[in-house]
Amino acid sequence: MGSSSSKNRDTEGKARSARIDEELRQSKAVLRDEVKLLLVGPGESGKSTILKQISLAYRGECSEAERQRYVEIVRSNVYHNMRLIKVKPMSKDVITGYIELEIIVPYELLAAATLVMDQETLHDVVDDPSSLCEELVSAMSKIWEHEETRRVMQRSNEFQISDSAAYFFDSLPRLTSPTYLPTTDDILRTRVRSIGITEVIFPLPQTPSTRVRVVDVGGQRSERKKWINCFENVNVLLFVAAVSEYDQKLFEDKSTNRLEESFVVIMSALRSSGLA
């Protein structure tokens, strides 16, 4: 009786071991046929844009359904970038705004500024970014077309705003049209802060049996602790730095230069990957 039970356990153990061996064999086969490319760099450096460019190049143009999904993102970017200019009326008679630069806001922008910065407007746009009311679009256009706002934007390196803001503001009538469908350029210029890990997988055109896995990781300081889990089986480590940010500060730390942070990040990434 005891001998029979022991034999059953041995058989089950061998079967389990065989399954594990087979899974390991299949995993190794997949790794042999896969190239893993890891994008690393600080926040706002352009990693996600590169990921989108790679996807468009190797997976083809976005479908109409995919473009429709970007309508909400584009319009949300437009509105939130306008708020980042921070045209904020402080009282009925004195308007101190363009806050970070301490530039006086022209009185004629009072009504438009009040609408854009209003918390109720913010809630409405957050609830449904795809639909910007005519009054809000008119207010944003008035602010953007004013010469003082253009003066503020000439110093955009001194505050936090997307480098695509001017592109979207110039296109307000098109972006807010009822029939608007984002172009490829619109999609590439959208900004959604990376949180966690994003992957794109596609076959190599020359060798379809080989897959390329491109991994994008969030670059904000709070996201970097997740990087350690991504360095395993990496074939290509692509470090991304935006040299145009030489005179800008970090989103999460207004005392640190973005380009200087890039050097810190690359050394940290090399140490973490065991390549240093």
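A word on the basis first. What you see is a predicted model, in which local features need pLDDT of at least 70 and side-chain atom pairs count only at pLDDT 80 or more, while totals for chains, interfaces and linings use all residues. Residues are numbered from 1 along each chain as its sequence is written, and side-chain values use heavy atoms, with hydrogens and water left out.

Helices (H or I, at least four residues) and strands (E, at least two) are DSSP runs, numbered from the N terminus, and two strands pair if DSSP finds at least two bridges between them. Strand β4, residues 197-203, pairs with β5 in the antiparallel sense over 7 bridges, and V200 has V214 as its bridge partner in β5. Strand β1, residues 34-40, runs parallel to β5 and is joined to it by 6 bridges, with L37 standing opposite that residue, V214.

Taken as a whole, this is an open sheet of 4 strands with mixed pairing, in the order β4-β5-β1-β6. Its edge strands are β4 and β6 (236-239), each of which pairs on one side only. Neighbouring strands are turned by 20 degrees against each other on average, direction ignored, where axes are lines fitted to C-alpha atoms, for helices over the stretch in contact, and angles run from 0 to 180 degrees between N-to-C directions.

Is strand β5 mostly buried or exposed? Of the 7 residues of β5 (residues 211-217), 6 are buried, so the strand is largely enclosed by the rest of the structure; buried means under 20% relative accessible area, exposed over 50%, and partly exposed in between, with a 1.4 Å probe and protein chains only. Helix α2, residues 47-59, lies across β1, β4 and β5, running at about 20 degrees to β4.

Let me finish with a pair of helices. The axes of α3 (residues 64-84) and α6 (residues 134-145) come within 11 Å and cross at roughly 50 degrees. In their contact (heavy atoms within 4.5 Å), V78, Y79 and M82 of α3 meet L136, M140, I143 and W144 of α6.
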